[in-house]
4 protein chains.
Amino acid sequence: MGAPTPKNPEFEALVRGSFAKQGLMKTIGADLTRVLPGAIEIVLPASPAVMQQHGFVHAAALAAIADNAAGYAALSLMPAGVGVLTTEFKINLLAPATGDRMLARAHVVKAGQTLTVAQTEVFAETAGQEKLVALLTATLMTVTGRPGVVD
Amino acid sequence: MGAPTPKNPEFEALVRGSFAKQGLMKTIGADLTRVLPGAIEIVLPASPAVMQQHGFVHAAALAAIADNAAGYAALSLMPAGVGVLTTEFKINLLAPATGDRMLARAHVVKAGQTLTVAQTEVFAETAGQEKLVALLTATLMTVTGRPGVVD
Amino acid sequence: MGAPTPKNPEFEALVRGSFAKQGLMKTIGADLTRVLPGAIEIVLPASPAVMQQHGFVHAAALAAIADNAAGYAALSLMPAGVGVLTTEFKINLLAPATGDRMLARAHVVKAGQTLTVAQTEVFAETAGQEKLVALLTATLMTVTGRPGVVD
Amino acid sequence: MGAPTPKNPEFEALVRGSFAKQGLMKTIGADLTRVLPGAIEIVLPASPAVMQQHGFVHAAALAAIADNAAGYAALSLMPAGVGVLTTEFKINLLAPATGDRMLARAHVVKAGQTLTVAQTEVFAETAGQEKLVALLTATLMTVTGRPGVVD
């Protein structure tokens, strides 16, 4: 279908700048590795700092990078001067998340004027091999005219 | 309806011990503040370390404590010797999460032999006032006989 | 907390009129049995016409009345002259749905200007006894200024 | 990745026979149009019998065919002698569902021993043109040894 056309030519700088302001991403050690129109990749190294009690990467850490990737995929197609907020997301955990690092790859399913739906696949990478471990669907809202909520 | 009866009399020690092993909860600064049969509270101070780009607590940080509270609410009613894993969760963000700290309160909706459904309300507390900011529903699985997956 | 105050004093007539226009509710035999501000009940008799292959009421039939109850709970709190549309819903099936009739009871969790979140519990009633069989969470949108989308 | 290999060589007859027993599918007028290993298509004509109050196909009717397609996609990969039940599903409505007929196309994302995750895209077809109107993710359970719950 081809890549969607961004409304904001500065979308990449915008997304990278917004990501850099997120305390949570720094806290868990996630990196923004790819910014395309409607498509984002975020990577999380699988350190003990993001694990649950059995030594897997915590479902909530997968959700964190997957939700964030979905949000920035949505923002990349929004016009300039707005903010993006997640209104809801749903994640299915498909396999225990073990490996060297987790890769969240999001793409926009439908970009509407008010609401955007995006989906993220999360892969666990071990020695260069990827395995699908989670699938997230999110609804993102384009926020306009609310002071402080601008990306 | 009254509190459900736990199958494992040591449920509180079990839940507290399992929580203490979670790197992610330490990393984001969350505390386990209440362990009852089928009901859990987890608290997260609203520091910049868990925020998103507009200065709200990140949706994924709310999801982290809400998912975890749901998981331990489920575990509190499981028999001894098993492990708990999240199979899926869904969260609705109801209002921007600002305040002093976030409180995730989970209760079990239905405890089945294989699957348990739990729900978590997340409140933002500001100067002692609470406001509902998120609602999560999760499905948790009782894992038996899988080496390494024991709580 | 008390019942919320409806913005539209004619909310009950509006909801009842809108429900009467739904072909699907007639087709499956559902009735609108209760209309309060922010709270709706819809009842579905458990006939073979709404069953799945094992003789349970179909998950999708439960979803139909639960989604609809959530939608009308949301509409009951909206101002006059708008339309309501479901943007997403999630349902957990908690027990096989057998019984005389299914009762979907929805209430509004958060009524926002654009988005409303509502939750519905579905009970299977057998000889006057009710059992919780499903739990749905939905996001509803207030649609304004779109010709044809008015309730 | 190629089509998955079914464990039950009779999967197509099994799925078609099970579908034929569903009262709800007859009631709404849905047809099972395609049965492949891990992939199902169900079609629903857009008659007033399945509409909501604005003349769109009801979200719950889309959910009905989408959930069912996901369920049979899962069943097509299960061994003989079991039953399939939906444990939860989530649907996002992406655009008003208008057209001649609705096509639900499901594929299995992950087939596990106990739980299978499947996803369904629903398209509205108008004069041969298809438009994506809904996206569903479901968790299906393989039920063994429960009398009456066999497909």
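**Helices, sheet and copies**

Modeller: Let us begin with two helices, where Ala59(C), Ala60(C), Ala63(C), Ala64(C), Asp67(C) and Asn68(C) of H3(C) meet Ala59(D), Ala60(D), Ala63(D), Ala64(D), Asp67(D) and Asn68(D) of H3(D). By class, this contact has eight nonpolar, two polar and two charged residues, where Ala, Val, Leu, Ile, Met, Phe, Trp, Tyr, Cys and Pro count as nonpolar, Asp, Glu, Lys and Arg as charged, and the others, Gly among them, as polar. This is a predicted model, in which local features need pLDDT of at least 70 and side-chain atom pairs count only at pLDDT 80 or more, whereas totals for chains, interfaces and linings use all residues. Residues are numbered from 1 along each chain as its sequence is written, and chains are lettered from A, with ligands numbered from 1, in the order in which they are written.

Colleague: What makes two residues count as being in contact?

Modeller: Their C-beta atoms, placed from the backbone, have to lie within 7 Å. A helix, in turn, is a DSSP run of H or I with at least four residues, and a strand is a run of E with at least two, both numbered from the N terminus.

Colleague: Why are H3(C) and H3(D) called roughly antiparallel to each other?

Modeller: H3(C) and H3(D), each spanning residues 59-75, pack at an angle of about 155 degrees with their axes 9 Å apart. The axes are lines fitted to C-alpha atoms over the stretch in contact, and the angle between N-to-C directions can run from 0 to 180 degrees. Angles over 145 degrees count as roughly antiparallel (under 35 as roughly parallel, 65 to 115 as roughly perpendicular, and the rest as oblique), and H3(C) and H3(D) are therefore roughly antiparallel.

Colleague: How many residues does the contact between chain B and chain A take from each?

Modeller: There are 35 residues from chain B and 35 residues from chain A. On the side of chain B, helix H2 (23-28), helix H3 (59-75) and strand E3 (83-93) each give two or more residues, and the largest share, nine residues, comes from E3(B).

Colleague: What joins E3(A) to E3(B)?

Modeller: Five bridges join these strands, which run antiparallel, and two strands pair if DSSP finds at least two bridges between them. Glu88(A), for instance, stands opposite Asn92(B) in E3(B). Within chain B, ten bridges join E3(B) to E6(B), again antiparallel, with Gly83(B) opposite Val143(B).

Colleague: What is the order of the strands in the open sheet?

Modeller: The twelve strands run E1(A)-E2(A)-E4(A)-E5(A)-E6(A)-E3(A)-E3(B)-E6(B)-E5(B)-E4(B)-E2(B)-E1(B), with antiparallel pairing. The edge strands are E1(A) and E1(B), both at residues 31-36, and each pairs on one side only.

Colleague: What relation holds between chain B and chain C?

Modeller: A rotation of 180 degrees with 0.0 Å of shift along its axis superposes chain B on chain C, at an RMSD of 0.0 Å. That is the relation of a two-fold axis, with the copies superposed by least squares on C-alpha atoms of residues with pLDDT of at least 70 in both. Of the residues of chain B, Lys90(B) comes closest to this rotation axis, its C-alpha lying at 3.9 Å.
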